[in-house]
Amino acid sequence: MSNRPRFLGALTLLLLVTGYTAASAQTISYADAMTVLARDCGADVKKFCKDLNLGNNEIRNCLEGNQGEVSPQCTATLAAVTASIERRLAAQAAVFKVCAGNAKQHCKGVVGEVHILQCLIKTERIDSEKCNQAITDAGWR
Amino acid sequence: MFARFLGILMVASALGSGAALAQQITDRQLVGSLDQLAAEAPAVDVGLLVDEVNANVGKGVGQLPNWSLLAQLPQFAVDIEFENNSVAIVPESYRTLGVIADALHNPMLRNYKFLIVGHTNATGKPDHNLDLSLKRANAIMVALATTFSVPSSNLAAIGVGQELPLDATNPKAAANRRVQLINLGVAK
């Protein structure tokens, strides 16, 4: 764990120096998904979905059910964040399967998901593209 | 220090917005606080917490045997705002739910069970506050377990109303209204 902040720091520096953005390939976190949802749909939630809650997808169902009336920006944002979150959850569920070969090859003797993930993050340069993409999409870098 | 600064910078650049971010919690902070479970951490029985608070409405629970144990467990307090007298979370607090969900999906935490404890301040009647805090804690648990896909077996929720204030000298202080997230240990 102690190497992780340093690694992330180095990655950040690299991203800043190269100006690299991988926006098209990125999934977003629940936190960022909720930020844009509140920004783009907050007014519609207060207008059409008052006293409904986040649980059981009530807000999403309400916004989709009122699609003719909620703002087009909200409708677009809702669809985008829903798709992105689904990709992220799928990646989280798949990481250790997708990366099993790399883990076996590069993380011999490493036990437990947390430690294997930390190892795979360190061996990024020699891991497969699919494995690296799964870790990125899972939001675990 | 340099690495830490870059880490903060990275979060800020990933979100692509302004200075207000310094005030916001991140899933990394949550993971860092919640994964520090000591080997000798006590086992907490949620049913006994409920019994204790129900028998002590208006009298406080800070000194009671089971509630005292919670202080020894890794925890984090967040502010989640609700509509007045309602269990509906306001959109301004959606992000906080998202941060909690990100943290609970992290491999560092996803094998642990978490207790969500709802607190009110001392405005209004203690009975009503206890009831409302339980309903709100439940609303948070249901949101995490459904919309945010956290396994429901990893979650429990209780309310404690106004009985465990953060600022006991000012029971009506807004700071006493909060939601605690407590690591109960490895999920069975």
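Here are legends for a set of close-up views of this predicted model.

View 1. Chain B is built from six helices and four strands. Of the 188 residues in chain B, 39% are buried.

**View 2. The open sheet of chain B, four strands in the order E1-E4-E2-E3.** The pairing here is mixed. Strands E1 (75-78) and E3 (155-161) of chain B sit at the edges with a single partner strand each, so one side of each has no neighbour in the sheet. On average, neighbouring strands are turned by 20 degrees against each other, ignoring direction. Zoom in on E1(B) and E4(B) (residues 178-186) and you'll find an antiparallel pair joined by four bridges. B:Phe76, for instance, has B:Leu181 in E4(B) as its bridge partner.

**View 3. Helix H6 of chain B packed on the sheet.** H6(B) touches E2 (112-119), E3 and E4 of chain B, and its direction makes about 160 degrees with that of E3(B). Skipping residues up to four places away in sequence, B:Ala137 touches B:Ile116, B:Val117, B:Gly118, B:Ala157, B:Ile158, B:Gly159 and B:Val179.

**View 4. The largest nonpolar core, with 61 residues.** The residues with the most contacts inside this core are B:Leu97, B:Ile100, B:Ile116, B:Ala137, B:Ile140 and B:Leu144. Which helix gives the most to this core? That's H6 (residues 126-145) of chain B, with nine residues. There is also a second, separate core of 11 residues, and A:Val98, A:Ala103, A:Leu117 and A:Ile135 are among them.

**View 5. Helices H2 and H5 of chain B, crossing at roughly 50 degrees.** The axes of H2(B) (residues 27-34) and H5(B) (residues 94-105) come within 8 Å. With that angle, the two helices are oblique to each other, and the crossing is right-handed. On the H2(B) side the meeting residues are B:Asp27, B:Leu30, B:Val31 and B:Leu34. Facing them from H5(B) are B:Val99, B:Ile100, B:Asp102 and B:Ala103. As for the spacing along a helix, an α-helix has 3.6 residues a turn, so residues three or four places apart point the same way.

**View 6. B:Val53 and its surroundings.** B:Val53 is part of helix H3 (residues 46-54) of chain B. Is B:Val53 buried or exposed? It counts as buried, because 25 C-beta neighbours lie inside 10 Å and the cut-off is 20 or more. Leaving out neighbours within four places in sequence, B:Val53 makes contact with B:Val61, B:Leu130, B:Val160 and B:Glu163. B:His128 is 75 residues from B:Val53 in sequence, with 13 Å between their C-alpha atoms.

**View 7. Helix H7 of chain A and what covers it.** The buried residues of H7(A) (residues 129-138) are A:Cys131, A:Asn132, A:Ala134, A:Ile135, A:Asp137 and A:Ala138. Their cover includes helices H4 (72-98), H5 (100-106) and H6 (113-122) of chain A. Just after H7(A) comes A:Gly139, with a positive phi of about 80 degrees.

Definitions and conventions
Residues numbered from 1 in each chain as written. Chains lettered and ligands numbered in written order. Predicted model: local features only at pLDDT ≥ 70, side-chain atom pairs only at ≥ 80, totals over all residues. Buried ≥ 20, exposed ≤ 12 C-beta atoms within 10 Å, placed from the backbone. Contact = placed C-beta atoms within 7 Å. Core = buried A, V, L, I, M, F, W, Y, C linked by C-beta atoms within 7 Å. Pairing = 2+ DSSP bridges. Axes fitted to C-alpha atoms, helices over the stretch in contact; angles between N-to-C directions. Parallel < 35°, antiparallel > 145°, perpendicular 65-115°, else oblique. Left-handed = near helix turned anticlockwise from the far one by under 90°.
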